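Dear colleague,

My notes on what was found in it follow directly after.

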Amino acid sequence: MIATNYYPESPKGISKNFTKLPSSYITKSILAILAIILFFILYACLVFATGYLAYLALIYDIGSVNKVTILMKIGAVAGSAMLFVFTLKFIFKLKNPKPQNRIKLDKQKHQNLWGFVARICQETGAPKPKNIYIDPDVNAYVSYSNIWLSLFLPIKKELTIGLGLIDSLSLTEFKAVITHEFGHFAQKAMKIGSYINSANTIIHDMIYNRDSWDNLLDEWRASDIRLSFAAWIITPVIWIIRQTLSLFYQFLNIMYSSLSREMEFNADKVAVSTSGSDAIIAALWKLDAGFENWNSTIEHAYLASKKKVFTKNLYTHNQIAHEKIKDSQFEKLINLPEHAMGGKKYFSSSENSKVSMYASHPPNNLRQENAKAPYVECDSDDRSPWLLFDEANELQEEMTLLVYKQYMGKESLEFSTSTVFENFIIQEMQGKELLAEYQDTFLNRFLFINSHDELLKKANERETVSQKDITYLKESLTGLMNPVKEIESLMNKAVEISQGTTKEVSFSFQGKEYGKKDLQKGYETMIAEREKIFNENFKDWDTRFCAIHLNLAIKNNKQEELLKIYKQHQVIIDIYKGIVNVKNTIFDDLQRLQSKSEVEQIEINNFQNKVKELTEVNNTYLNKIDETEFIPMSNIDDAKEFKEAIVDEGEFKKEIGNLFENGGFDRTVMKIDNAINNCQRLEQKSIGLILMFHHQLQEQSNLLES
């Protein structure tokens, strides 16, 4: 049983009809059921037809026996058998996958949480879960314990709660989120979802998966025409089946998407009935910050692991991250406008949550309107949901070990103190707070650094630098950044259109209208225009930015130190651009090969050799850091650590053998992609170092604004 004072109060006077299913929900359920029935009838006919064809091929009388009739018999049997196996091959891949990142909570050890869940079940009339699990992330979801058995048997459902979710919410908001999930527990339409997921599994395997069946068909077609004629006959049949199923795949998902939307609205109503209108929407509003904090915590854990720094409890540091944003989040909450129905207006546009558990749900503003119609008031319990977890610290430590093992492949760890790990995070964040002072101009572009002689010339042209010069420098960015922000706003709109989270179906850029068909082209055009603005419009500002601070450095006898930092930053940019150029070269050559109707083996061999050579080119770029005096950055003490921060062991290892047969090509591309991401991190670290050095110069020259 739960301790009574751990269960937040529920709204008073809620009508029994409050969570009654609307007629639209019932209509869409019926349509989804009809779509499922239609699919399984079609599928059963397909299996029967191909099976019967195989049977006929096996028993038909070939008449006179000769080479031709024997070959025709073999071809007919083999071809029809291949078609029959094609319709059933998904069966050999049937699995009931269980997430590996979960911990099952024992009822006896975690009585408060189980009691809390039992109270929600009692209040909502939902069935109790078979099991409760926890996982590391910012999520909560309900699932069948066996998705395939659930098609035929009344299988119980399971609840999974992410520990990152608990860090993000108050007790009332946590109650609302869990109640939302139990709203799904009570929905019989979840069974429809199981059937559609099963249908999708069958269709997806038949349409998109290329496996040993396809390899066998390819090899058969490549054999002597006297043996392969049947393979060539069934190839267009397979194509027709796949095209037909592809249309059904889209149809089924459109039907279910429409029903799923109604299911989410209804589950939100169930949450409102136990926690009021604001709790579930406030939770949605907070979860994006929770998602970002947890992702940062995981990223810091990964980066720290490279320096053999491990923490016993990741959630200690996640909670510290939440504490750091607590005041600013509260200020944002206070400044939110009032909603006409009651409470705060958390969402004003068709914004979708960044959290994966809600990414496919209806837009947040529509969920808000649904939750507040009518507005249900309820007192809020602002205590932490961790109250519900007995021995929370031990649970967090157990989950931390699982995160290191499952996400980073790290076991048998030697732990550092929480202070050492937190200091690593503080070092990692150094300089980032200064980016906002410059309107985040350095987030998506490279700082242009003129030659040292030119910078010294510009710096010496100034007699003095005043606080007005610094202020004007920052203010002059507004005019430069405005066209960039306009383009980025349109880029966000394009993303919303592609995701279907806005009613708009097109956007206009440079006098041209872009719809869904040419959305990608429009997006690429905007990126190119933004790059053009960065390259052409910011050079003068960047030169002034560097020269002003170099002037201050000269006055403080620190010009050599600053010039070394500038030089190192340029080297980092060169390494970054070089590795990106290698990736582009590989994919340009690959695209040229793929565009050819026929490719000879020698061309493939030449391409593989070039990929291997380009690996060595990456090392040439990487070694540029050895050609200059290394200036330590936060958590990067020397050139060796710098290279190891880009690629494991500080070197791009050349793959051997046939890259397309041993997976070497995929590993090479993945290594390059990771290196590019790591270069981006190091470039931002270097910007942070520059901004901190500039800040110190301003401080020493008494130019900081009071």
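Asn 635 lies in the loop that links helix H21 (601–622) to helix H22 (639–646). In this predicted model, Asn 635 has a positive phi of about 65°, although it is not a glycine. The residue counts as buried, because its relative accessibility is 12% and the limit for buried is under 20%.

Asn 557 also deserves a look: it is not a glycine, yet its phi is positive, at about 60°. It is located in the loop between helix H19 (539–555) and helix H20 (559–595). With a relative accessible area of 65%, Asn 557 is exposed.

A further backbone feature is the cis peptide bond between Ala 373 and Pro 374, where omega is about 0°. Pro 374 belongs to the loop between helix H11 (364–371) and helix H12 (392–408).

As to the chain as a whole, it contains 23 helices and six strands. Of its 706 residues, 48% are buried. The C-alpha trace spans about 105 × 75 × 60 Å along its principal axes.

Among the strands, I would draw your attention to E2 (residues 131–135). Five of its five residues are buried, so E2 is largely enclosed by the rest of the structure. In a regular strand, side chains alternate between the two faces of the sheet. In E2 both faces are covered: Asn 131, Tyr 133 and Asp 135 are buried on one side, and Ile 132 and Ile 134 on the other. Strand E1 (residues 103–104) pairs with E2 in the antiparallel sense over two bridges, and Lys 104 stands opposite Tyr 133. E2 and E4 run parallel and are joined by five bridges; here Ile 134 has Ile 161 as its bridge partner.

Lys 156 is placed in the loop between strand E3 (140–144) and strand E4 (157–162), and it is exposed, with a relative accessible area of 52%.

Ile 37 counts as partly exposed, at 44% relative accessibility.

With kind regards

Methods
Residues are numbered from 1 along each chain as its sequence is written. This is a predicted model: local features need pLDDT of at least 70, side-chain atom pairs count only at pLDDT 80 or more; totals for chains, interfaces and linings use all residues. Side-chain values use heavy atoms; hydrogens and water are left out. Helices (H or I, at least four residues) and strands (E, at least two) are DSSP runs, numbered from the N terminus. Buried means under 20% relative accessible area, exposed over 50%, partly exposed in between (1.4 Å probe, protein chains only). Two strands pair if DSSP finds at least two bridges between them.
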